[in-house]
Each structure stands twice: as structure tokens, then as C-alpha cells.
Amino acid sequence: PPTPRRFTMSAMLCCEPIRLRYSDGYGAHARLWVPDRPRGAVLYLHGIQSHGGWFEDSARFLAEGGLAVLLPDRRGSGRNEAERGHAASVRRWLLDAFEGLDELHVRTGLSRFHVVGVSWGGKLALGLYRFAPDRIAGLSLIAPGLFPRVDLPFGEKVRVGLSVIAGGKGLFDIPLNDPELFTSSPDRQFFIAKDPLRLRKVTASFLMCSRRLDRYALGAARDRTGCPLTVFLAGLDRIIDNDATREFVRRLSWPGRMIIEYPRAHHTLEFEPQRERFFSDLLASATG
């Protein structure tokens with residue numbers, strides 16, 4: 001495998017904080033890196049509890065490799081306080097991501113893009129491919145949330161269903177409150193536990209939409225041609241069912257699909273000790 005690049009502080013590109021104005025008027029915070037003469041562009045989608053701040057290092061690494069990178073905070077998460085933890089529809093999530101591609105087009109002049117999706121963002125990335133396949137040059141799915149091992153208990157699901165009937169605005173804990181699920185690093189566990197922007201609760205409507213997104217995203221398997229796909233798996237992941245994920249990827253008829261595994265890593269590869277190897281693999285995936 002290639003020797004991983006190491007960060008040099010002097011070489012780091014600056015992140016430009018921007019606001020995205022979606023077609024329904026919602027204003028979302030985002031991070032943007034645009035190197036001189038980018039050779040490609042990446043839309044980077046974070047997970048259910050996280051936000052763009054968790055993934056700045058890998059996004060910057062991609063930018064140092066010559067790629068423009070747009071890393072938005074999903075509506076209702078991260079620095080976006082409006083509609084906190086809420087989602088009205090799967091279509092709105094897909095439109096937000098699609099309009100992120102439009103923003104990259106305006107910034108770079110490019111028309112096709114690589115999409116990186118982490119955890120829950122992995123199923124949104126796969127759904128975006130199904131929604132707009134002509135705009136997607138390739139996918140990198142990092143511990144994608146297509147087959148989660150963590151779920152709500154039955155009683156909580158009943159309460160979610162009742163809340164949906166009543167309008168869907170009731171709040172429920174995301175069942176990922178133990179930082180040790182994400183990483184083996186004590187420093188990163190402390191960061192996760194104390195992160196004031198971490199999303200800890202979502203509405204019943206969000207949970208229902210997330211289930212619908214599961215079905216929609218997995219429907220991409222019916223595409224016989226697909227696009228270049230790399231799936232990154234953490235061997236010690238307690239959030240994602242790696243066996244089910246491997247089987248899904250192996251059943252695809254898409255050419256150029258690949259699985260890269262890190263046997264000693266936990267769920268959030270960004271926070272694990274061997275992350276520079278992962279960063280190099282991610283850059284190769286996004287530029288290959």
C-alpha cells in the first residue's frame with residue numbers, strides 16, 4: 001500500500017466557513033476548501049450525531065490532494081439550530097445534498113462529483129447516487145449505516161410510532177450515547193462526550209424518515225452499472241454490521257467496487273490511531 005502522507009501545518013489549506021441557502025429558504029452552515037485548479041470535487045456527508053467539525057482533518061487532507069471539498073452540517077445538526085434534530089421528508093435530505101452538488105459546481109465549474117458519506121451519511125450518499133446518478137463520479141462510504149447493529153428498543157419504537165401519528169415532533173434519544181462506541185482514543189471519547197454541537201436527540205419524524213431512507217438507499221442495488229465504490233470498514237465496529245455490509249457490496253453488479261478494512265479500528269476512523277493510512281486510502285478512492 002502507498003506510504004501515508006503526513007500533515008505539515010504550513011501546507012494546510014484554509015477552510016472557508018460559508019452558508020448554503022437551500023431551495024426552501026433554509027440556511028445551513030458549511031465548510032469549504034477550494035485549492036487552486038482543483039482536479040475534482042467532493043461532497044462530504046457526516047453521520048447522525050456528528051457534524052462537519054469532526055471531519056475537518058480528512059476533508060483538509062483531500063483538499064491538499066487537489067480536491068475541492070464541501071462539508072455541510074446537515075440541517076438541524078451541528079451549528080444549524082433551526083429545526084434541531086428534525087426532518088420532514090427523505091426528499092428534503094436528498095434535495096439538500098443535491099443542492100450541495102450545485103454549490104460545488106458554482107465554486108469549481110465541474111459537473112460530476114465524488115461523494116463521501118460517514119456512518120448515517122453513508123446511506124444518504126448512496127441515496128443521493130440513486131437520486132442523481134448522472135452527477136456522481138464515485139462514492140466512498142465510511143462505516144456506512146446501511147445495516148446498523150444499534151437500534152431502539154421495542155417500547156421506544158412504539159412511542160415513536162405514536163408520536164408520528166401525533167405530528168412527529170416528539171424528541172427521542174439517539175441510541176449512541178456511549179463515546180466508546182465511536183473510538184478507542186480517550187481524548188476523542190472526551191471530545192465526543194463534551195461536544196456541545198453533537199446531536200443527542202431527534203424527532204419521531206426524523207427516525208421515520210431515516211427508516212425510509214434505508215429502503216430508498218438500498219434500492220440502488222438494482223442499478224446494474226453503478227459507479228466506482230469504495231467501502232471502508234472498521235474491524236472493531238460496534239455500531240455497524242460489517243458482515244451484512246460486506247455481503248451487500250459483494251452482491252452488487254457494479255464494476256470497480258472495493259472494500260478496505262482496518263482490523264483494529266473502531267467506528268470513527270477519523271479518530272483512530274492509524275488514521276493517516278485511512279486518509280491516504282480515502283484520497284486514492286476520491287481521485288481514482
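Biologist: Where is the place of Glu83?
Modeller: This is a predicted model, with residues numbered from 1 along each chain as its sequence is written. Local features need pLDDT of at least 70, side-chain atom pairs count only at pLDDT 80 or more, totals for chains, interfaces and linings use all residues, and side-chain values use heavy atoms, with hydrogens and water left out. Helices (H or I, at least four residues) and strands (E, at least two) are DSSP runs, numbered from the N terminus. Glu83 sits in the loop between β4 (67-72) and α2 (90-108).

Biologist: What is the phi of Glu83?
Modeller: Glu83 is partly exposed, with a relative accessible area of 42%; the cut-offs are under 20% for buried, over 50% for exposed and partly exposed in between (1.4 Å probe, protein chains only). Though not a glycine, Glu83 has a positive phi of about 55°.

Biologist: Is Ala143 buried or exposed?
Modeller: Ala143 lies in the loop between β6 (136-142) and α4 (154-165), and has a positive phi of about 40° without being a glycine. Its relative accessible area is 2%, so Ala143 is buried.

Biologist: Which side chain joins that of His267 in a polar contact of 2.9 Å?
Modeller: His267 is in the loop between β10 (257-262) and α8 (275-287) and is buried, at 3% relative accessible area. The partner of His267 at 2.9 Å is Ser119.

Note on methods:
Polar contact = N/O pair within 3.5 Å; in protein donor to acceptor, adjacent residues only side chain to side chain.
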